[in-house]
Amino acid sequence: MQNRAEEDYIKVIYELTVEREKSMIKSTELSEYFGFTDQSVNEMIKKLKKKHLLTFLPYKGISLTQEGKKIAIRMIRAHRIWEVFLAHNLNFTWENLHEDSEKLEHASSEKLVESLYQYLGKPKVCPHGNPIPDLEGQTEKIDQLSLEDVEEGEKFVLTHVLDTKKLLEFLNLEKMNLYDEYLVVQKNQFNQMIEIKKEETLHFISFQIARMLFGYLVV
Ligand SMILES: [Zn+2]
C-alpha cells in the first residue's frame with residue numbers, strides 16, 4: 001500500500017513522462033513542479049524505488065515501473081472523472097477542482113469511479129483539457145507542444161494545462177482560458193519571459209509557466 005503523498009508523486013511522474021511521450025524525467029523537474037526542495041524529492045524517490053514503483057538511473061532520470069503506472073492510471077482516471085462531475089454538475093471553477101478531486105480519488109472504489117464515468121457519459125477530457133485514460137492507460141492523442149516552444153510571430157491555441165492550483169490561480173488572474181488563441185509577441189531568453197497577446201491584452205509568462213501550458217499552432 002502507498003500513502004497519499006506517494007500516490008501523488010506517482011501520478012505526477014506519470015503526467016510528466018507518459019502523457020508527454022517522454023521516457024524519463026529529472027528529479028529537478030519534480031522539485032520545480034511541487035515547489036519542494038531537491039532533498040525531500042530525492043527522499044521520496046528512494047522510498048518509491050524501494051517499493052518497486054519507479055526506477056531511477058543517476059544522471060538519466062526517473063520512470064515508473066509497470067506497477068507504478070497501474071497505480072497512476074487508476075488515480076488519474078478517478079481524479080479526472082471526479083473533476084468532470086464537480087465542474088459540470090456542481091459548477092466548481094477549474095482552480096477549485098483540485099483539492100476535492102484529490103481527496104475523492106483516494107477514497108473512491110473502482111466501482112464508484114466506473115459508475116460515475118458511465119453517468120457522466122464517458123467524458124474524454126477533464127476540465128483542464130487533460131485526457132481521461134481508459135483502464136489500460138490508453139488516451140486520446142493530446143497536443144504535445146508547450147508554449148515555451150512556440151516561436152515569435154506564431155499563433156498558439158491553448159488546449160490543456162497542468163493541474164496545479166497555483167498555475168490555475170495565475171491563469172484566472174490573467175483571464176486565460178482553454179481554447180483561447182494567443183500570438184507570441186516576444187521571447188526574451190535573458191529574463192526568461194514570453195510576451196503573448198490575445199486580442200488587445202498582453203500577458204507576460206515566465207518560461208517555467210510556459211512549460212505547463214500546451215496546445216497547437218494555428219497555421
Ligand atoms: Zn484536471
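## Before we start

Because the model is predicted, local features need pLDDT of at least 70 and side-chain atom pairs count only at pLDDT 80 or more, while totals for chains, interfaces and linings use all residues. Residues are numbered from 1 along each chain as its sequence is written, and side-chain values use heavy atoms, with hydrogens and water left out.

## The zinc site

Let's begin with the metal. Three residues coordinate the zinc ion at 2.0 to 2.5 Å: E83 through OE, C126 through SG and H128 through ND1. Donors here are N, O and S atoms within 2.8 Å of the metal (3.2 Å for Na, K and Ca); water is not among the atoms, so sites may look incomplete. Along the chain, the donors follow the spacing E-x42-C-x1-H.

E83 sits in helix 4 (residues 66-90), whereas C126 belongs to the loop between helix 6 (110-119) and strand 3 (145-146), so this pair ties together parts 43 residues apart in sequence. Helices (H or I, at least four residues) and strands (E, at least two) are DSSP runs, numbered from the N terminus. E83 and C126 are both buried; that word means under 20% relative accessible area, with exposed over 50% and partly exposed in between (1.4 Å probe, protein chains only).

The chain is divided into domain 1 (4-64) and domain 2 (145-218), with bounds from an automatic or database domain assignment. Taken over C-alpha atoms, their centres are 25 Å apart. Domain 1 brings 4 residues to the contact and domain 2 brings 6, where contact means heavy atoms within 4.5 Å.

Together the domains bury about 500 Å², 55% of it on carbon and sulfur atoms. Buried area is the accessible area (1.4 Å probe) that two parts lose on being put together, summed over both. On the domain 1 side, R20, E32 and Y33 supply 87% of the area buried against domain 2, more than any other three residues.

## Salt bridges

Side chains of opposite charge can pair when their charged atoms come close. A salt bridge is counted when a side-chain nitrogen of Lys or Arg lies within 4 Å of a carboxyl oxygen of Asp or Glu. The rule gives 14 salt bridges, and it finds 1 across the interface of domain 1 and domain 2.

Look for E32 and R211, whose side chains form a salt bridge at 3.5 Å, N to O. E32 is partly exposed at 36% relative accessibility, and R211 is partly exposed too, at 27%. R211 also meets E148 in a salt bridge at 3.1 Å, N to O. In helix 4 you can find E67 and K70, 3 residues apart, about one turn of the helix; their side chains form a salt bridge at 3.9 Å, N to O. Elsewhere, E6, K47 and K51 are linked in a network of salt bridges.

L120 lies in the loop between helix 6 and strand 3 and counts as buried at 19% relative accessibility. Leaving aside neighbours within four places in sequence, L120 is in contact with I81, V84, F85 and N89.

E15 is part of helix 1 (residues 4-16) and is buried, with 9% relative accessibility. Not counting residues up to four places away in sequence, E15 touches R20, Y33, I76 and R80.
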